[in-house]
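Q: I would like to learn how to read a structure such as this one, feature by feature. Could we go through a helix, some strands and then the ligand site?

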Amino acid sequence: MYKISGVACDTLLKACGSPLVVYDENKIDEQIRLYVDNFKSSAFETEVIYASKAFTCVAMLEKLQKEGASIDVVSGGELYVAIQAKFPAQRIYFHGNNKLDEEIIMALDYQVKTIVIDNLHEVHRVIALAEQKQQPVDVLIRINPKVEAHTHEFIATATADSKFGISIDLVEEIKQMITLIEESSYVTFKGFHSHIGSQILAYEGFVAAIDKMVDFIKETGITVSTFNIGGGFGVRYTKDDTPVPTAHMCKTLIDSLETAFAKADIRVDKVCMEPGRSIVGEAGYSLYTVGFKKQTQHKQFAFIDGGMADNIRPALYEAKYECILANKEHEAIAGVYEIAGKCCESGDILIHDAPLPKVEAGDILLMFTTGAYGYSMASNYNRLNRPAVVFVKDGHARQVLARESFETQMLLDVQKDIEL
Ligand code: LLP
């Protein structure tokens, strides 16, 4: 039986039910440490900020806090989890292209240190609300550096028509934003943020974005104390993915930053990065139980007790995954299977042509690298319950998110008259 950090998959399913999301805590810890230890420079301060959208819950945030990482949040909901985890406000960055007034107020009330401003309208709202609350806040401006990264179009963010940030070409508008900020008594301009996309396997795109941003800083003469280079570092979903190892990626980026700053003769006090996927992706596993099978004209299907509701990525991005039968780890491959979920959608296929031993009802199907954007993008489609999530470490397991139930889903099913 396949084990995750010393715990057998059947034991986990017996204890917590199926389907189940399992994280190997050692792998998460190791990734956080690799980033914190290697993204370091003698020329400037550094900060590793985990993009909590990849996977968030109190236990995850407590872990990051312990390991010395910061976090970013992109909504009131993500901020709420951070508040529940008592995550230090000084180490929270608040992102988002359309922050609501109540979200900005929530951030100011919690004394979040930095808001990453997306657009001119937001500058006005943040200034007005910070003044109203008399709450100081630092801001970065998110620049779209227009460097196209090689990834799926839905997760590329620095294309010319991206909805995120302000284009690097709009120098006057950027300067106008900074002037407004500098005139306000509660908001402090700290610098720029840029993020080029996600699941990027090579480092060239990041280096190109750094160079372009540094040129921009030099040419505009804007004084920048903080520069955030964003996240987007790819992980291994299948054998075709060969991401740059984390330590090497960090060192390459630090080298590029140091060289670019020296060449441009500019001084930046702090550089931040925002990895999400690469901290939790490979540490996460999804366990499912096989139910019925079906042979069609050309395909052999194995049906599992989850699917697109707990992992929308194959349907949304044609994302590829690998799987095994955890209870038949050492058996020979007997054929290829369509791993189909139980949602009422033809597109609810998690893996096409997965090579597996002979599949039978009751087998445990384990999908690798589901730790990022799996649970966090899960839904209740077809009224499926979101799975439970467990953290496993050296033979011990602890539940960090409970399985949803029909009863918890029904908590929102209210009927009451509305006073108009
Ligand atoms: N910083 C910013 C401003 C971002 O927008 C993102 C991701 C990150 C950091 C973290 O990127 P990462 O290191 O995780 O690649 N749902 C998609 C991914 C969307 C990413 C959105 N932004 C997926 O499942 O592939």
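Q: Which exposed residues does the face of H1 turned away from its buried side carry?

A: Exposed stands for over 50% relative accessible area, buried for under 20%, and partly exposed for what lies in between, with a 1.4 Å probe and protein chains only; helices are DSSP runs of H or I with at least four residues, strands are runs of E with at least two, and both are numbered from the N terminus. Here the face of H1 turned away from the buried side carries Lys-14 and Ala-15, which are exposed. The model is a predicted one, in which local features need pLDDT of at least 70 and side-chain atom pairs count only at pLDDT 80 or more, while totals for chains, interfaces and linings use all residues. Residues are numbered from 1 along each chain as its sequence is written, and side-chain values use heavy atoms, leaving out hydrogens and water.

Q: Which residues of H1 are buried?

A: In helix H1 (residues 9-16), Cys-9, Leu-12, Leu-13 and Cys-16 are buried. Because they cover an arc of only 95° around the axis, taken from the directions from the helix axis to the C-beta atoms, they lie on the same side of H1. Gly-17, with a positive phi near 85°, follows the helix.

Q: How should I read the two faces of a strand, and which residues of S12 are on each side?

A: In a regular strand, side chains alternate between the two faces of the sheet. In strand S12 (residues 270-273) both faces are covered, with Lys-270 and Cys-272 buried on one side and Val-271 and Met-273 buried on the other.

Q: Which strands pair with S12?

A: Strands pair if DSSP finds at least two bridges between them. Strand S4 (residues 45-51) runs parallel to S12 and is joined to it by four bridges, with Glu-47 opposite Cys-272. Strand S11 (residues 226-228) also pairs with S12 in the parallel sense, over three bridges, and Phe-227 stands opposite Val-271.

Q: Which residues come nearest to the ligand?

A: A residue is near a molecule if one of its heavy atoms lies within 4 Å of it. Of the 20 residues around the ligand, Ser-198, Glu-274, Arg-277, Arg-313 and Tyr-373 come nearest. As for individual atom pairs, an N or O atom in the side chain of Glu-274 is 2.6 Å from a nitrogen atom of the ligand, and one in the side chain of Tyr-373 is 2.6 Å from a ligand oxygen atom.

Notes: Polar contact = N/O pair within 3.5 Å; in protein donor to acceptor, adjacent residues only side chain to side chain.
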